[in-house]
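This report describes selected features of a structure, moving from single elements to domains and chains. The sequence and coordinates are shown first.

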Amino acid sequence: MTRFEPVLLANIEKPDCHTLKVYEAGGGYSALRKVLGSMSPHDVRELVKASGLRGRGGAGFPTGLKWTFLPKDHPGPIYFCLNADESEPGTFNNRYLMEFDPHQVLEGVIISSFATRASTAYFYMRYEYPTAWQRVQQAVEECYAAGLLGKNILGSGYSLDIYLHRGAAAYICGEETGLIESIEGKRAWPRIKPPFPAVEGLFRKPTVVNNVETAACVTQILSRGVDWFKSIGVPADPQNPRDAGSYGPKLYCLSGHVNRPGCYEAPLGITVNELIAEYGGGIRGGRKAKAAIPGGISMGLLTASEFDCPLDFNGPGRYGCLGLGTAAVVVMDETVSMVDFLHNSCQFFAHESCGQCTPCREGTAWSLRLMQRIKAGKGRWKDLDLLLEIGDNIGIIPGTTICGLADGAAWPLKNAIRKFRPELEEYIKRTNPQGYAETNAVPALQLLGIH
Amino acid sequence: MPIVIVDGKEVEIDGQERLNGIQVAARAGVEIPHYCWHPGLSVVASCRMCLVETGKKDLQSGKITMIPKLVPACQTPASDGTVFVTESAAVKNARAMVEEDLLLRHPVDCPICDKAGECSLQDYHFQHGREERRADIKPFHSRRRSLGDTVTLFVDRCVMCTRCVRFCREVAGTRELMVAHRGAHEEIDIFPGFPLSNKLSGNVVDLCPVGALGDKDFLYRQRVWFMESHAHVCAGCSTGCSIDVDENQDRIYRLKPRENLAVNQYWMCDEGRYGWKHVHDPGRLAQPLRRRQGRAEIADWTALPAELDQRLRAAGGLTMVLSPFLTVEEALLAAKYARAVDAKARVILGAVPEGAGDERFSGGFTIRSEKCPNRRGVAQVIRGICGEAANWSDLLDSSPSSASGALWVAGGYKSDWIDASQAELLRAFPLLIVQDLFPSPLSECADYCLPAASFAEREGSYVNYNDRLQSFGWAIRPPAGVKTEARLFWQLSQREGMYRAETVRRELAEEFVYFSALSDAVPPDGIDLKLNRIAPQAAGATAEMGAIG
């Protein structure tokens, strides 16, 4: 198989690739010129819709469709928000784009804002990206200086201001309504829907929230065309009218126990095995793989025997995972204890739960305490049932929470326990030989404080 | 009419109504448990206690399509064909899960918690919770801290429904309360140096579905199951909030707002809430006093009414001052009695205590400047009897030193209302009878000083600033030695049997146009007397149009 020629990452090896000069030398902003010169917002929307581009932030919602949810003939203002609060564990594709090719992202933001008739865009970047922050800030300044942002862009009559907003390091700000609340200066508590942001979002006005990589894809679709985009990836299943297909290139974040971790661009639909072998250079130290996270920790777990899973929008779902997510593949080799993995996962979600909905706030914290008990050698087999029960009952899918954070907390629990139960039971029995089968209440552990 | 189906039962709703699942279920007699939802606050749908199954019935085919997951009833609007299922296994499991979650870190200190007995967490646990505790988590904390002058927060009892936070933002508009920290560390808190100090602060205690917010005034004073609630009306200002008086053995322990969408919605102010202390003040007048040659002696209620009646009839003229704290029934009995004694008796509206202006809160709640409950009602009674309502300053200005006959001043004020110079002016009356709660410069020089009833001891009706009449029964009995104004005037009028407010209300309705909307049974949220003022005008307008036609 010939290696895919990178498009989104085409520039990143060039010296000073983050500058306007280098970007324009490579043909940058020609898509924007074309859009502003010859297209209407409607044309751009239709084009993106026709391309089948699905949001790269995790949920995979068709971008063009999302744009059409905006009310028709709204007097404005309409807001465009770029979600660069990339906090999903294992994910760093947005960071690559923002650090090495910020103009490709900005071009996408300007085109997307034009398409959605927004005259103000908010660029919401997570706190922990200082380099990306500097480079995007520099890129925005370059754009203003070059007349690519501000009033009357390139003489087209279209005006756009971009505000760069730096988050305060909370995972929940990556949820689109949490992000909107955060920009408004409030606690990032996700909003109840409806109303959806497209109808009532930022400052109670229609709002579109898109991911950084989605914006970069918009740039490429406008520059290379719909046919190019649809030639890559996995076409929609004709048997399934609800399948929107998985078109285009995707940035895969490969990390964990592989020889060459990194951010790689590949067509949607590449399997985990291919990704590890062709891009990751195999498992580190010649060991055997044990499991992999298919797309950020929220998506659950694949066992080594499931590595033939294609990484498109439908693939991981067929293997019991939540979905493709952010396409951040974290590979674990045979030395990894699933107890440690699960403890780490529970700790993350207990720490990041915003605390609004009872099942998530208490469920994530309780699952962490159960994992602490197991790790402390006081676990019981029935704890696994309790963990499963928590996992099965929290989240937006069973309907018990407002946002999807709890689903993300539930999937590692469900997958790890269902796919690695013998190992977990063996650990509990080995570390707690007297009490592993106890089913009655036992004294609470002093060490199990609130995390 | 749109029809909503709750657990298989059809409920008709008005097409104009915007009801959610909880409200519609309540009409079907089904209680959906909830913590965060409150009819007076915005919907956040975060406690997840009200999860139900919902769907839509196709009106043509009759086929029901259910949503394949649980939804919060508080956030689900009811429209024609909406189906709610509130007792399925999935719903029961979700409720049990939320109850279990809320009790993970709860100190379960019900024996020392003020809320025990009226606590949603307690009630729902018995109704919907699991039988065993599966979490073995230690340690429990039981922290408390003051949020302001009125409220103490019991941090670990909180279920994070955020009703109190939303109240301070949406109704009080003062925004003192907030949620601090994140996830399971969340706590309700204030900013250092910015305590909870608004005039509606006590409402957050009522709003709290659990024992997290304690009212410092009520804390540890009384177990709720010992108290009895009596529907009443606040006498603090002319808003006339509907309230419940919670008492045990004739002692008030707290006042709480009673829902009345036409007056106070669900709220009351702290001024009213804590404005009952005078009722049990040891300084209250509790015996009728007769003054002879400057010496006061305790009079005997058995013979006193006849004695008063005789002295009044002999006085050759009567001026009667009716306090705006009296009920309309009492005012009518008193005014009629005055005219019976002296056909030309002057009946005057007593001093109206005024504050420094209305205080309006961002949610619309208003504390009125007029610090008495019934100026309008009493004035209307006087106008009905005498044709015009003279007021207190008219009396003081009309050089009462030249006055003759008797002066009867019905007071009932809970604080100082008359100074020595005013009292000096009124001394000129040869016979001075003062009826009041507390000794005053006027009562010091009265020939007869009679103890008055407090608002909680009265039975009758108040008319608020907006012409809304609300009736109430007595909540507590007056202290021994105190005869309520109503009973005294009933007796003086030589009416048969005991005072009955309904009888007097019927007279009011029959005799005065203003009160003609009154019926025997006044609904719990009162009657709008304005309706009747519009009716004759409307009738007149129709007649005119007929004439033109």
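In this predicted model, the buried residues of helix H4 of chain B are B:Arg163, B:Cys164, B:Val165, B:Arg166, B:Phe167 and B:Cys168. Because six of the eight residues of this helix, which spans residues 163–170, are buried, H4(B) is largely enclosed by the rest of the structure. Its buried residues pack against four elements of chain B, namely strand S9 (178–180), strand S10 (187–189), helix H5 (203–207) and strand S11 (213–215).

A strand of chain A is enclosed as well. Strand S4 of chain A covers residues 207–211, and five of its five residues are buried, so the strand is largely enclosed by the rest of the structure. A:Thr207, A:Val209 and A:Asn211 point one way from S4(A), whereas A:Val208 and A:Asn210 point the other way; all of them are buried. In a regular strand, side chains alternate between the two faces of the sheet. S4(A) runs parallel to strand S1 (residues 79–84) of chain A, to which five bridges join it. Within this pairing, A:Tyr79 has A:Thr207 of S4(A) as its bridge partner.

Chain B also contains an open sheet of three strands in the order S12-S13-S14, with antiparallel pairing. Strand S12 (228–233) and strand S14 (251–257) of chain B stand at the edges with a single partner strand each, so one side of each is left without a neighbour in the sheet. On average, and ignoring direction, neighbouring strands of this sheet are turned by 30 degrees against each other. Strand S13 (residues 242–248) of chain B pairs with S14(B) in the antiparallel sense over six bridges. B:Asp246 stands opposite B:Arg254 in S14(B). Strands of a sheet pair through backbone hydrogen bonds, either parallel or antiparallel.

Where is B:Asn464 found? This residue occupies the loop between strand S25 (460–463) and strand S26 (468–472) of chain B. B:Asn464 counts as buried because it has 27 C-beta neighbours inside 10 Å. When its neighbours within four places in sequence are left aside, B:Asn464 is in contact with B:Ser238, B:Thr239, B:Gly240 and B:Val263. B:Leu285, by comparison, is 179 residues from B:Asn464 in sequence and 27 Å from it in space, C-alpha to C-alpha.

A helix pair of chain A is considered next. Helix H5 (residues 93–100) and helix H9 (residues 212–224) of chain A pack at an angle of about 55 degrees, and their axes are 8 Å apart. That angle makes H5(A) oblique to H9(A). From H5(A), the contact is made by A:Asn93, A:Asn94, A:Leu97 and A:Met98, and from H9(A) by A:Val212, A:Glu213 and A:Ala216. By class, the residues of this contact divide into four nonpolar, two polar and one charged.

Chain A is assigned domain 1 (20–231), domain 2 (246–333) and domain 3 (338–431). Chain B is divided into domain 1 (3–96), domain 2 (110–117 + 137–280) and domain 3 (299–531).

| Domain pair | Separation of C-alpha centres |
|---|---|
| Domain 2 and domain 3 of chain A | 22 Å |
| Domain 1 and domain 2 of chain B | 29 Å |

In chain A, ten residues of domain 2 are in contact with eleven residues of domain 3. The side of domain 2 of chain A that touches domain 3 of chain A has six nonpolar, four polar and no charged residues. In chain B, eight residues of domain 1 are in contact with twelve residues of domain 2. On the side of domain 1 of chain B that touches domain 2 of chain B, the residues divide into five nonpolar, three polar and no charged.

Between the chains, 33 residues of chain A are in contact with 29 residues of chain B. Helix H13 (338–352), helix H14 (358–375) and helix H15 (381–393) of chain A are the elements that give two or more residues to the side of chain A that touches chain B. H14(A) gives the most to that side, with nine residues. The residues of the side of chain A that touches chain B divide into 18 nonpolar, eleven polar and four charged.

Terms used
Residues are numbered from 1 along each chain as its sequence is written. Chains are lettered from A and ligands numbered from 1 in the order in which they are written. This is a predicted model: local features need pLDDT of at least 70, side-chain atom pairs count only at pLDDT 80 or more; totals for chains, interfaces and linings use all residues. Two residues are in contact if their C-beta atoms, placed from the backbone, lie within 7 Å. Ala, Val, Leu, Ile, Met, Phe, Trp, Tyr, Cys and Pro count as nonpolar, Asp, Glu, Lys and Arg as charged, and the others, Gly among them, as polar. Domain bounds come from an automatic or database domain assignment. A residue is buried if 20 or more other C-beta atoms lie within 10 Å of its own, exposed if 12 or fewer, and partly exposed in between; C-beta atoms are placed from the backbone. Axes are lines fitted to C-alpha atoms, for helices over the stretch in contact, and angles run from 0 to 180 degrees between N-to-C directions. Angles under 35 degrees count as roughly parallel, over 145 as roughly antiparallel, 65 to 115 as roughly perpendicular and the rest as oblique. Two strands pair if DSSP finds at least two bridges between them.
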